[in-house]
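Have a look at it first, then read on.

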Amino acid sequence: MKVDVLLGLQWGDEGKGKVVDVLTPRYDVIARFQGGPNAGHTLEFEGIKHVLHTIPSGIFHPGKINVIGNGVVIDPVVFKKEIEALVARGVDVKANLFISRKAHLILPTHRLLDAASEASKGKEKIGSTLKGIGPSYMDKTGRNGLRVGDAEHPDFISRYNVLVQKHKDLLAHYKFEYNLADLEPAFMESVEFLRTLTLIDSEYILNKYINEGKSILAEGAQGSLLDVDFGAYPFVTSSHTITAGTCIGLGIAPTKIGEVYGIFKAYCTRVGSGPFPTELEDETGELLRKRGNEFGSTTGRARRCGWLDIPALKYAIMLNGVTQLIMMKSDVLSGFEKIKVCTHYLYKGKQIDYMPYDVVHEKLEPVYEILEGWNQNLEQVSDHDELPTSLHNYIAYIEKATGLPITIISVGPDRKQTLLRQAVLR
Ligand code: IMP
């Protein structure tokens, strides 16, 4: 059996959690492969709203296996709180959650380094979620990091102390005050808790599942345009958010990848700094933010909003090998008389339809096509045929521009507000 992948095609916050939750009944295993508590995957059902940060979005379905892969970075403190909140809701987390021993740990000093680094950048800051993501991945590739499996080792504390001393030396270079003693007890207690969970060699287990014919869905975090290589560097996260990241972050061979579900919003949002060609810094952007409730689920920050960007979408589709598209938040566009879609950019005086190397110092001016809007409340729509004609036209327009089918349309935050346009399973 192949591993299907679901990932974001924009700058994150596309609604991955909701769709993974909807698709989970079709899979045996849900696995996260990168990122960490910078993610905030929101799920709504039966009047409950729940935000997951590190745990895969299949956790609410009894009997489904949820795996945190080696490519993820885990903050034990955030993780423990996340598990406790789920347990309070009656979720049997211990039975259904497996954690890779090779996943790296986020230490309190990683968070301090993140904060110190951002503060020192002033106006140039990345707009990080300050969860310690960058510093922990730096230690991973720098071969200094501590992994989940190290927590099982008798000399964990002395390894921890060596790394923390390195971090203290680094922090001394910044004008930054901190009190580590306040943070360490919760960290040590959470590491203790982590040891009580099911820690696995996930690459072996996942490949065993594949050979046994179990179906696996890999759940991406952040978005393709935040990928450390392919996003607008340095305004990116520190992991590989694209399909290739699945192979690295789970230990699965490229030949084992099946469907790639590419998920995007009917418009665009971005949180944090960095280029955003179609950004609307006017009342239309404000309206999108208000109607779409565009505030970060991890940090509460207001998201920047803008029109759909086709060249950026096509870039992400190319990088990921997307086989089908999922369009979210169509309901938020209801009520706009006209809808704009960016088809090209003006770049250094030329019209282009690709993502050039330098989008940080050189500006991309969007070139728009204007489409008819629709004005229908979609909240109660339960069948794709009931959608307004202009929305059908919008869907057809995107399918033509990208050459891919849009197989799922989301018309609201609840699990039930999801329209399947064709059989999505292989
Ligand atoms: P970091 O990964 O927290 O260091 O943040 C780097 C950039 O990625 C910032 O612009 C963040 O706002 C953005 N980012 C990180 N995680 C997410 C996410 O889950 N959704 C949306 N943006 C994110």
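**Salt bridges and a ligand**

Search the whole structure and you'll find 21 salt bridges, each a side-chain nitrogen of Lys or Arg within 4 Å of a carboxyl oxygen of Asp or Glu. Keep in mind that this is a predicted model, where local features need pLDDT of at least 70, side-chain atom pairs count only at pLDDT 80 or more, and totals for chains, interfaces and linings use all residues. Residues are numbered from 1 along each chain as its sequence is written, and side-chain values use heavy atoms, with hydrogens and water left out.

Take Lys-80 and Glu-84, whose closest N and O atoms are 3.0 Å apart. They sit four residues apart in helix H2 (residues 76-88), so about one helical turn separates them. Lys-80 is buried at 15% relative accessible area, while Glu-84 is partly exposed at 40% (buried is under 20%, exposed over 50%, partly exposed in between, with a 1.4 Å probe and protein chains only).

Arg-101 and Asp-201 also form a salt bridge, at 3.2 Å from N to O. This one links distant parts of the chain, 100 residues apart.

Thr-129 puts a polar side-chain atom 2.5 Å from one of the ligand's oxygen atoms, and Gln-222 has a polar side-chain atom 3.4 Å from a ligand nitrogen. The protein covers 96% of the 470 Å² of accessible area that the ligand has on its own (areas by the Shrake-Rupley method with a 1.4 Å probe; for residues, only the protein chains shown count as cover).

Terms used
Polar contact = N/O pair within 3.5 Å; in protein donor to acceptor, adjacent residues only side chain to side chain. Helix = DSSP H or I, 4+ residues; strand = E, 2+ residues; numbered from the N terminus.
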